[in-house]
Amino acid sequence: MSTAHRAPEQAPPHSADRASAGAASEPARSRNGRRVTGLLVLLAVLAVLAVLSIALGARAMSLGEVWAGLTDPASETYPVVTELRVPRTVLGLAAGAALGLAGALMQAMTRNPLADPGLLGVNTGAAAAVVTAAYFLGFSSFTQTIGFAFAGAAIATVATYLIAGAATATPARLALAGAAVTAAGYAYVSAIQLMDAASLETMRFWSVGSLVNAHTAPIVPVVTLIGFAGVVGILLARPLNALALGDATATGLGVDPRVLRVAGIAAITVLAGTATAVCGPIVFVGLIVPHVVRAFTGPDQNWVLPYSMLTGAAFLLLTDVIGRLVARPGEVQVGIVCAVVGGPFFIYLVSRRKVARL
């Protein structure tokens, strides 16, 4: 008697595909969960740093004194807390966020991990405008030169973009044009400084990079400009992800690289130009922060850009607090502390075998 051979049972159609897709989605969900947790941790760190920035300085204050300075106009600490330290803290958060985001945008747009906002001539343009205002108009105060600094940063950026070929600008052309504008700008600044001692003094004070004049800065317009440009920059995340695949591929995906670069340069100009005009040129924030962020988030700009904003704000505020503590009752300007901290750290980053790539 023969026995019928039963065919082996087969899995339902597409079950293997669904199983593999489910397995692949689990790590993705895990990564996204880790990134969201990281954002929450960064927000908590920013809150702690903001409290420290208000409480610490030439005179240390308890939390009770800080609260009284915030809520009681009759308190002895009210002028120090409300009129000096709160504006300084807000400006540090805004400027750090602006520089961090501008650096991430610049590196993504040029596909150059060593790029920073200064590549577009932002710092040089602002410096040239400051010495021009001091030499030709006799302006020397912070409030008199801030508008000139922003205008100079914007003019230098536009000049860089036009020299690079405007609609045909490529990352290589932008870098070369930025180098040319920077060289010409610094030659002009050096010439003016040699001819006029007052311009040299104004430039010397402005070029250090500091938050000390926050109480006289137009905080509301500054935060508004940075906030608007920050929203525009964050909205560029998806097109920048497409651009990372190359101009031809980005075009095939419906992204116009020329329009994207114009929007990106405009956002970088407002972000870095505003921060530089108010605080002076603060180096390494826009260069280092995106590297640190990409080591945690990966190359996805949907995460790199918001992380760079928060990390830049935290880095600048932390260095400002350090500068106030190491030289009591005086202080070390935040631009100097950023250079001291950022220089060795950047050397460490680029010397590692594995560096977070774009």
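On a 1 Å grid over the protein atoms alone, a pocket is an open set of points where a 1.4 Å probe fits, with protein on both sides within 12 Å along at least five of seven lines, and its lining residues have an atom within 4 Å of a point. This is a predicted model, where local features need pLDDT of at least 70 and side-chain atom pairs count only at pLDDT 80 or more, while totals for chains, interfaces and linings use all residues. Residues are numbered from 1 along each chain as its sequence is written, and side-chain values use heavy atoms, leaving out hydrogens and water.

Let's start with the largest pocket. It is lined by 14 residues, and Leu 84, Arg 85, Arg 88, Arg 324 and Glu 331 sit nearest its centre. Helix 3 gives the largest share of that lining, four residues. Helices here are DSSP runs (H or I, at least four residues), numbered from the N terminus.

Now for two helix pairs. Axes are lines fitted to C-alpha atoms over the stretch in contact, with angles from 0 to 180 degrees between N-to-C directions.

| Helix pair | Axes come within | Crossing angle |
|---|---|---|
| Helix 6 (residues 171-195) and helix 7 (residues 197-206) | 5 Å | roughly 125 degrees |
| Helix 3 (residues 78-110) and helix 12 (residues 285-297) | 7 Å | roughly 70 degrees |

In helix 6, Val 189, Ile 192, Gln 193 and Met 195 meet Ala 197, Ser 199, Leu 200 and Met 203 of helix 7, where contact means heavy atoms within 4.5 Å. Over in helix 3, the residues that meet helix 12 include Gly 96, Leu 99 and Gln 107, and their partners include Val 285, His 291 and Arg 294.

How values were computed
Helices (H or I, at least four residues) and strands (E, at least two) are DSSP runs, numbered from the N terminus.
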